[in-house]
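This report describes the fold and packing of one protein model. The sequence and structure are shown first.

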Amino acid sequence: MRVAPPGGRCPCPQSREIKGFQGLAELAYERARPALKEAQSVPSPLFLIADPSLTDLRGHHYNLTRAVAASAEAAGFRTSWLVSADLSEDLGAQHPEAIPTFGRSMYDAYKGTKAPVARRGLLGRFMRNSGPKTAPPAPDLARSMAEGLREGLKKSGAGPDDHLLFHTADGATYRAVAALIAEDGAESLPQIHICTPYDPVGVMPNRGSAAEVAAPIHDWEEAGLIGSRIHLYAENEILARHLTELWEVEVAPLPLPVLEQDDISGEAANFRAEKLRVAPDSFVIISLGAARLEKGFNLFPDIIRRTFELAGSGEFPGTAPEKIHFALHASPQIIGRHPVIAATLEKLEALDPAKLTLLKEPLTDLDYRTLLGAADAVCLPYTPKDYRVRSSGIVTETIAAGKFLIATAGTYPGHVAESAHGGTGATPMEMARALLDAMSKREERQRLLDITAASYRHDNRVAAYVTRLKGV
């Protein structure tokens with residue numbers, strides 16, 4: 001039996017072996033310390049979010065930018081925002097990472113377009129049908145955007161190991177990136193990610209033609225940049241497939257992230273009781289956003305009329321007319337109200353207030369979420385021509401909130417509605433039937449919708465957004 005000498009150290013071979021290993025480990029650590037120290041001092045990669053139309057703390061542009069930034073930070077990136085040079089004081093104060101650099105936004109072309117004056121008779125019908133469907137091309141917008149990009153990249157210190165995302169690309173975005181690459185070279189720039197909710201064949205702001213958007217993409221493909229330095233995305237799977245076929249390059253789906261929201265069920269209940277003045281078991285049908293022709297707002301007088309004509313019939317049990325209420329958000333467009341929309345509002349204002357509440361002004365973020373929270377169903381009679389594949393943030397919000405979506409058949413919103421226990425229709429009568437069908441079977445279908453909504457929120461949680469980007 002071995003006895004430890006004074007001091008408690010045992011002269012056994014195992015002890016000498018352990019001491020030897022400790023010495024080697026300490027020596028290795030000392031040798032590695034300079035490299036470890038240097039690695040700790042190297043900042044994490046930078047993730048830039050470019051949004052020339054982001055000016056303040058309201059609306060889709062701000063909420064999406066904020067969500068993408070949170071996703072990038074969760075993935076270990078530092079973030080900076082490249083935003084409008086006209087950013088508000090509040091935005092600058094709350095988000096010092098916002099770099100004001102863009103002199104123009106995607107909406108500037110709209111601001112220069114006046115809505116036609118309402119006229120009666122043949123002239124009025126001609127003017128209502130001849131207005132531009134999208135913003136006219138703005139030749140200098142792409143150049144202005146390229147200059148803003150160059151300045152923003154310089155201010156941020158971004159390099160080729162960093163990433164740059166456009167989350168809401170219009171036609172000018174592709175031309176601006178092409179101009180930047182032509183002058184600076186792709187290898188000196190961050191990896192570029194371009195996502196669009198628009199269809200260049202249908203509705204896409206600031207493009208003269210679909211070919212104008214496709215031209216730089218084909219140049220990037222020939223140069224070997226697609227999939228290496230430039231990555232293309234669309235906001236939904238249908239649009240991604242369409243653009244892949246159109247451009248003959250890979251366009252990946254990049255669904256909008258679902259922001260976690262505070263519980264506003266109390267505010268929503270108060271809104272139903274005090275503003276809408278409906279019973280707790282009423283079925284509230286809403287619309288959201290600006291009142292626009294492409295969103296089919298002009299169809300609502302017929303949809304409402306048909307709904308109340310059919311309500312309470314044997315075809316739709318449990319749909320008493322007094323239990324139905326519409327609440328339509330009808331804020332004006334940037335260019336003002338189109339004559340057809342103005343006439344539609346006149347018709348709606350003549351309806352019984354017990355059937356309809358009109359909200360004609362822009363809503364705060366809280367009021368918008370409260371309106372959605374107060375709804376049972378969201379009705380989107382979007383035109384098939386404009387929304388066959390085009391994405392919609394309201395669709396994401398509706399499903400995430402667990403509300404019935406009733407939308408036009410043959411559109412992207414209609415595709416989502418059919419897969420999420422909602423309904424579709426091609427005419428006001430069919431839309432009314434879809435609304436009443438959801439109401440008559442609301443308990444059973446709401447249980448199914450709640451399961452779908454929970455899965456949708458998980459799949460499209462904020463943290464998942466950046467992980468879907470190529471090369472990240």
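## Basis of the description

The model is predicted, with pLDDT of at least 70 needed for local features and 80 or more for side-chain atom pairs, while totals for chains, interfaces and linings use all residues. Residues are numbered from 1 along each chain as its sequence is written, and side-chain values use heavy atoms, leaving out hydrogens and water.

Seven strands form an open sheet in the order 3-2-1-4-5-6-7, and their pairing is parallel. The edge positions belong to strand 3 (98-102) and strand 7 (251-253), each of which pairs on one side only. From one strand to the next, the twist averages 25 degrees. Helices (H or I, at least four residues) and strands (E, at least two) are DSSP runs, numbered from the N terminus; two strands pair if DSSP finds at least two bridges between them.

Strand 1 and strand 2 run parallel and are joined by five bridges, with Ala-50 opposite Leu-82 of strand 2. Strand 2 is largely enclosed by the rest of the structure, because six of its seven residues are buried (under 20% relative accessible area, with a 1.4 Å probe and protein chains only). Strand 4 (residues 163-166) pairs with strand 5 (residues 191-196) over four bridges in the parallel sense, and Leu-164 stands opposite Ile-192 in strand 5.

## Helices on the sheet

Helix 2 (residues 59-74) packs on the sheet and touches strand 1 (46-50), strand 2 (78-84) and strand 4, its direction making about 160 degrees with that of strand 2. Helix 9 (residues 237-247) also packs on the sheet, touching strand 5, strand 6 (230-234) and strand 7; its direction makes about 175 degrees with that of strand 7. Such angles run from 0 to 180 degrees between N-to-C directions, and axes are lines fitted to C-alpha atoms, for helices over the stretch in contact.

## His-61

His-61 lies in helix 2 and is buried, with a relative accessible area of 10%. Leaving aside neighbours within four places in sequence, its contacts (heavy atoms within 4.5 Å) include Asp-51, Tyr-107 and His-167.

## Helix 11 and helix 17

Helix 11 (residues 300-310) and helix 17 (residues 428-440) pack at about 55 degrees, with their axes 8 Å apart. Among the residues making the contact are Ile-303 and Arg-306 of helix 11 and Met-431 and Leu-435 of helix 17.

Conventions
Buried < 20%, exposed > 50% of the residue type's maximum accessible area, 1.4 Å probe, protein only.
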